2 protein chains.
Amino acid sequence: MDEIKLIDIRKNILSDNENQAGIIRSDLAEKKIFMVNLMASPGAGKTSVILQTIKRLRDTLRLGVIEGDIESLVDSEKITAQGIPAVQIRTGGACHLDAPMITPALKELDLDNLDLVFIENIGNLVCPAEFDTGADLKAMILSVPEGDDKVLKYPLMFSVCDVLLVNKIDYLDGSDFNMQELYSRVRRVNSKIKIFQISCKTGKGLDEWCGWLAEKIQAKFKA
Amino acid sequence: MDEIKLIDIRKNILSDNENQAGIIRSDLAEKKIFMVNLMASPGAGKTSVILQTIKRLRDTLRLGVIEGDIESLVDSEKITAQGIPAVQIRTGGACHLDAPMITPALKELDLDNLDLVFIENIGNLVCPAEFDTGADLKAMILSVPEGDDKVLKYPLMFSVCDVLLVNKIDYLDGSDFNMQELYSRVRRVNSKIKIFQISCKTGKGLDEWCGWLAEKIQAKFKA
């Protein structure tokens, strides 16, 4: 008797995506371009972090941005206003970006003149965690007003990221956000994650984050 | 020649969901139970709003809560600590609740002794907007730290909701959040939406929201 054939659609989708992500990663490596996939809840500060990073790294690195949004061009407009090239992916409903969306977006950028590409993913702590975009680094933002318990609810996002930016630390005063509790919750699901405390409003911690990122990029392409 | 047969999986899923949601709604109406589907970003204050609503309505209405989470029981524990029955749906990855998840959850509640059921949806402004859960009222929270531009990025959520709770207005001081701009953006996608400005921290606006909700419930079952 024949074995039952099982088509696992979800598994197939994720595996096709991984293949595509691998191709993106090796194409970018050849051109010595580093790509960061930035993920967070709506309003956690993704665009602000990118703008602050542009400000600090634009003299030493040539930057480009891929903006993911369900609708609207507002974020792309903020990037291009800084003279930085941006490509907008309008998903029209999809709640995450995947590798097959990144490939055509990269074609819209002048890759011969870029060192660092930021992907601003859809504002969502769930599905973006599952899809490899071909980026070299997965970064996430958690903003203080969201609370210190988000690790318990969205563990996958915290476990897949290489770096966590705790943003809006200017809101810590008078809040019941427990930074120590956050750190120990995060370490429990991801012992290797690098954590920075930042504020895009006051500028605190941003030099440290940008310095660390610049070193990562240099280390990758030095060999 | 035969016509090509097209199976639109997405359309089928949504239509199956709607049928199920219709059944839930009529079953609850028969028992004179009102159900609210509460949606928001992670950390916008869904559990806090439910706790504050329980506090104000528990003397006049018998409440129950269905908690949706990808992982963890933390929210359910906060509800049951108040002596209010709660059912936890652990989606294990899914980024929204749908009607087929609500049906078994309702079976876990003592429906003969309830007037009002809150669904706390997954923290996500994208997919929950697409799925009817069988609730009588769709409510969403936007918290001030998320910013006043979220309507532009997640228009579907704002357009499907009956009521918007603008939470954490205690953060307005010193913020660049433009309440007038928010209202006009919201009205552009949804002219009928009811808006309350609230703070679960200071208690501001919560009596108004709870009074309005109690009237809605009374109006529905008076006829």
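## Helices α2 and α8 of chain B

In this predicted model, Gln52(B), Thr53(B), Arg56(B) and Leu57(B) of α2(B) are in contact with Leu206(B), Asp207(B), Cys210(B) and Ala214(B) of α8(B) (C-beta atoms, placed from the backbone, within 7 Å). By class, this contact has 4 nonpolar, 2 polar and 2 charged residues (Ala, Val, Leu, Ile, Met, Phe, Trp, Tyr, Cys and Pro count as nonpolar, Asp, Glu, Lys and Arg as charged, the others, Gly among them, as polar).

The axes of α2 (residues 46-57) and α8 (residues 206-222) of chain B come within 10 Å and cross at roughly 70°. The two helices are therefore roughly perpendicular (65 to 115 degrees). Their crossing is right-handed (the near helix is turned clockwise from the far one by less than a right angle).

## Helix α4 of chain B

Helix α4 (residues 99-107) of chain B has Ala99(B), Ile102(B), Ala105(B) and Leu106(B) as its buried residues (20 or more other C-beta atoms within 10 Å of the residue's own; exposed means 12 or fewer). Seen down the axis of α4(B), these residues fall within an arc of 115°, so they line one face of the helix. Pro104(B) and Lys107(B), on the other side of α4(B), are exposed.

## Contact between the chains

Chain A and chain B each give 27 residues to the contact. On the chain A side, helix α5 (residues 150-153) gives the most, with 3 residues. That side has 13 nonpolar, 7 polar and 7 charged residues.

## Basis

Residues are numbered from 1 along each chain as its sequence is written, and chains are lettered from A in the order in which they are written. Local features need pLDDT of at least 70 and side-chain atom pairs count only at pLDDT 80 or more, while totals for chains, interfaces and linings use all residues.

Notes: Axes are lines fitted to C-alpha atoms, for helices over the stretch in contact, and angles run from 0 to 180 degrees between N-to-C directions. Helices (H or I, at least four residues) and strands (E, at least two) are DSSP runs, numbered from the N terminus. Angles under 35 degrees count as roughly parallel, over 145 as roughly antiparallel, 65 to 115 as roughly perpendicular and the rest as oblique. Two residues are in contact if their C-beta atoms, placed from the backbone, lie within 7 Å. The arc is that of the directions from the helix axis to the C-beta atoms.
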